[in-house]
Amino acid sequence: MYLTLLWICFGLAAAVFAVMLYSIAAFQQPPDTSPAKQRHSKLLEVLWAIVPIVILVGMAVPAVKALVWTDPAAPSTACRSATAPAGPDVKECFP
């Protein structure tokens with residue numbers, strides 16, 4: 001699961017850098033031009049805020065499921081065995 005999330009993070013980072021490099025190259029202006037009048041897009045601003053939240057929640061759900069699945073309060077059956085060269089077999093179990 002963690003390896004899958006790592007690859008998803010790598011993919012998201014690559015997509016963000018690709019969009020950033022495209023924006024730098026496509027919208028670069030010569031130094032002698034005056035700044036353009038910018039219009040704001042409320043839809044784009046809302047999406048810019050919501051998309052990272054959706055990504056974080058989407059990554060948190062499997063992580064929380066994994067933490068609940070590996071609950072330390074659950075009973076454990078960890079046992080180990082040892083054999084001494086001239087002694088009895090030893091088996092210990094820990095709660």
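**View 1. The largest pocket of this predicted model holds about 500 Å³ of space.** A pocket here is an open set of points, on a 1 Å grid over the protein atoms alone, where a 1.4 Å probe fits and where protein lies on both sides within 12 Å along at least five of seven lines; its volume is the space filled by probe spheres set on the points. The model is predicted, and totals for linings use all residues, whereas local features need pLDDT of at least 70 and side-chain atom pairs count only at pLDDT 80 or more. Residues are numbered from 1 along each chain, and side-chain values use heavy atoms, without hydrogens and water.

**View 2. The lining of the largest pocket draws on α1 and α2, each with at least two residues.** Lining residues, which have an atom within 4 Å of a point, include Leu12, Val16, Ser23, Trp48 and Pro52. Helix α2 gives the most to this lining, with six residues, where helices are DSSP runs (H or I) of at least four residues. By class, the lining has ten nonpolar residues, one polar residue and no charged residues.

**View 3. A nonpolar surface patch of about 490 Å² is made by Ile8, Leu12, Leu43, Leu47, Val51 and Ile55.** Such a patch joins nonpolar side chains within 5 Å, from residues with over 30% relative accessible area and no salt bridge (a side-chain nitrogen of Lys or Arg within 4 Å of a carboxyl oxygen of Asp or Glu). Of the two contributing helices, α1 (2-26) and α2 (42-69), α2 gives the most, with four residues.

**View 4. Leu12 has its place in helix α1.** With a relative accessible area of 34%, Leu12 is partly exposed, because that term covers values between buried (under 20%) and exposed (over 50%).

Methods: Patch = residues over 30% accessible without salt bridge, like charges linked within 9 Å, V, L, I, M, F, W, Y side chains within 5 Å. Areas by Shrake-Rupley, 256 points an atom, 1.4 Å probe, with all protein chains shown as cover. Buried < 20%, exposed > 50% of the residue type's maximum accessible area, 1.4 Å probe, protein only. Nonpolar A, V, L, I, M, F, W, Y, C, P; charged D, E, K, R; others polar.
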